[in-house]
Number of protein chains: 2
Amino acid sequence: MSNLTTRELIVETADQLFYQQGFEHTSFSHIAGAISISRGNFYHHFKTKDEILDAVIRLRLAKTQKMLDQWEAEGKHPRERIQSFIQILVMNKKDIKRYGCPVGTLCSELAKLNHGSLVDANALLTLFRTWLRKQFVLLGREADADQLAMHVLAFSQGVATLANAFKDEKFIKNEVNQMLDWLKRCEENMSSSESASAPELTGER
Amino acid sequence: MSNLTTRELIVETADQLFYQQGFEHTSFSHIAGAISISRGNFYHHFKTKDEILDAVIRLRLAKTQKMLDQWEAEGKHPRERIQSFIQILVMNKKDIKRYGCPVGTLCSELAKLNHGSLVDANALLTLFRTWLRKQFVLLGREADADQLAMHVLAFSQGVATLANAFKDEKFIKNEVNQMLDWLKRCEENMSSSESASAPELTGER
DNA sequence: TCAAAAATAGGACGAGCATCCTAATATGTC
DNA sequence: GACATATTAGGATGCTCGTCCTATTTTTGA
């Protein structure tokens, strides 16, 4: 953390504070104070609060993309990759319990603020969505890949919201296990009654 | 709306604005302006912003309780009652698309603000949770009733979050249909592989 | 080495905020 | 009809916010 540009330090700190306290509730002074920098210096790097938000979103996009790329580079089975995504919830359960999902809560807040950057924040969700869709296609679920991707995404959002509200880590593990079972069945009997409104199909590839 | 006390008018308006704009982003002036009342008058009814929040939460609790009571009084099958809950998403899809879930987004915001009223807002979620649990017990799923209740709750939260972020109403209908199918299966083969980590059991009642 | 540029500090600004206060008006009660 | 009480109005206060500005220091490059 010490070999960072001041600008990078600002963005990293803003990233954390936006996550922990929300975008609106985090002020210039908060960020400046957290890294012992004057507000004047601050303004030299970012003219408006929205500029910081943009930078934070771009940082998150880059980090997320890198993570997804790594998962693909490891040469694992698509099912294992989706499992990796689901396991994020368990890995970050402590933060999720305290602050919820970084992506979901940001999107919710920006939606309420009617903030223009909501579309940018959405790109984060879309990144996951597209990536998950690709994995489901590789699993032979071309026809309903996007639906399944959205289902997994919705699952993670719902679990994060409740774990945060109820301050319950065990619930995360519980739901994750159910989801992993669902994923297994998803692959086993692809033309079964699972994922109900999905069109019939027998694993093409 | 016209036969309401000023106090009730304030709470109703605050309820809407908190939902649409968020708690923090909604000021005294917003609420006062929305009903053409002076801030001074306002202060006569509520001394602090937190008092309004409490009143809003109490209002929501009352409304929710009333709705749940009605569903139970209609003498329907427990499955139909759970269906009613799931259908809320479709009924309110327009608002959910614009503002997300009223309960979930409030809890998320209060969690970020580290606000003491989070526990009160949680009572709303707990109301649904307890009610759903009861319905699942009536369905003969005593052993994992709470788990199923939380699952339904998480589902609705996830769908609301994504519908809000992606501004997508169709997604709501889609997921709701899947959920209704899941519920059907939930009842049909209670000891099957569905709801995976649930302990084995054969419909006691 | 020395001027140009980048970085930092810290104060000033107008606006909006929650809160508080006092004065005017309405309402109900004896 | 008069008086206590409830309600309304609107201004005052002190604070924090995002933003902006001007000095000072540090770094850079020829």
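Trainee: How do helix α7 and helix α8 of chain B pack, in terms of angle and axis distance?
Mentor: Keep in mind that this is a predicted model. In it, α7 (residues 102–112) and α8 (residues 118–138) of chain B pack at an angle of about 150°, and their axes are 9 Å apart.

Trainee: What does that make α7(B) relative to α8(B)?
Mentor: Roughly antiparallel, because angles over 145 degrees count that way. As for handedness, α7(B) passes α8(B) in a left-handed crossing.

Trainee: Which residues make the contact?
Mentor: On the α7(B) side you have B:Val103, B:Leu106, B:Cys107, B:Leu110 and B:Ala111. From α8(B) come B:Leu118, B:Ala121, B:Asn122, B:Leu124, B:Leu125 and B:Phe128.

Trainee: And how many of those are nonpolar, polar or charged?
Mentor: The contact of α7(B) with α8(B) has 10 nonpolar residues, one polar and no charged.

Trainee: OK, what about α8(B) and α9(B), at what angle do they cross?
Mentor: Roughly 130°, with the axes coming within 8 Å. Helix α9 of chain B covers residues 145–166. That angle makes α8(B) oblique to α9(B).

Trainee: Is that crossing left-handed or right-handed?
Mentor: Right-handed, as α8(B) passes α9(B).

Trainee: Which residues of α8(B) and α9(B) touch there?
Mentor: α8(B) brings B:Leu125, B:Phe128, B:Arg129, B:Leu132, B:Arg133, B:Phe136 and B:Val137. Among those from α9(B) are B:Ala145, B:Asp146, B:Leu148, B:Met150 and B:Gln157. By class, this contact counts 11 nonpolar, one polar and three charged residues.

Trainee: Let's switch to chain A. How many helices and strands does it have?
Mentor: Chain A has 10 helices and zero strands. Its C-alpha trace spans about 60 × 35 × 35 Å along the principal axes.

Trainee: How do α5(A) and α8(A) pack?
Mentor: Helix α5 (residues 78–91) and helix α8 (residues 118–138) of chain A meet at about 150°, with axes 8 Å apart. They are therefore roughly antiparallel to each other. The crossing of α5(A) past α8(A) is left-handed.

Trainee: Which residues meet there?
Mentor: From α5(A), they are A:Pro78, A:Arg81, A:Ile82 and A:Phe85. In α8(A) they meet A:Phe128, A:Trp131, A:Leu132, A:Gln135, A:Phe136 and A:Leu138. That contact divides into eight nonpolar residues, one polar and one charged.

Trainee: Now the two chains together. What rotation superposes chain B on chain A?
Mentor: A rotation of 180°, with 0.0 Å of shift along its axis and an RMSD of 0.0 Å. That is the relation of a two-fold axis.

Trainee: Which C-alpha in chain B is nearest the axis?
Mentor: The one of B:Gly158, which lies 1.8 Å from the axis.

Trainee: What surface do the two copies use against each other?
Mentor: The same surface serves both: 100% of the contact residues of chain B recur in chain A.

Trainee: How many residues are in contact?
Mentor: 45 residues of chain B contact 45 residues of chain A. The area buried between the chains is about 3800 Å², and carbon and sulfur atoms give 58% of that.

Trainee: Which three residues of chain B supply more of its buried area than any other three?
Mentor: B:Lys112, B:Phe166 and B:Gln178. Together they supply 18% of the area that chain B buries against chain A.

How values were computed: Residues numbered from 1 in each chain as written. Chains lettered and ligands numbered in written order. Predicted model: local features only at pLDDT ≥ 70, side-chain atom pairs only at ≥ 80, totals over all residues. Heavy atoms only, no water. Least-squares fit on C-alpha atoms with pLDDT ≥ 70 in both. Contact = heavy atoms within 4.5 Å. Axes fitted to C-alpha atoms, helices over the stretch in contact; angles between N-to-C directions. Helix = DSSP H or I, 4+ residues; strand = E, 2+ residues; numbered from the N terminus. Parallel < 35°, antiparallel > 145°, perpendicular 65-115°, else oblique. Left-handed = near helix turned anticlockwise from the far one by under 90°. Nonpolar A, V, L, I, M, F, W, Y, C, P; charged D, E, K, R; others polar. Buried area = accessible area lost by both parts, 1.4 Å probe.
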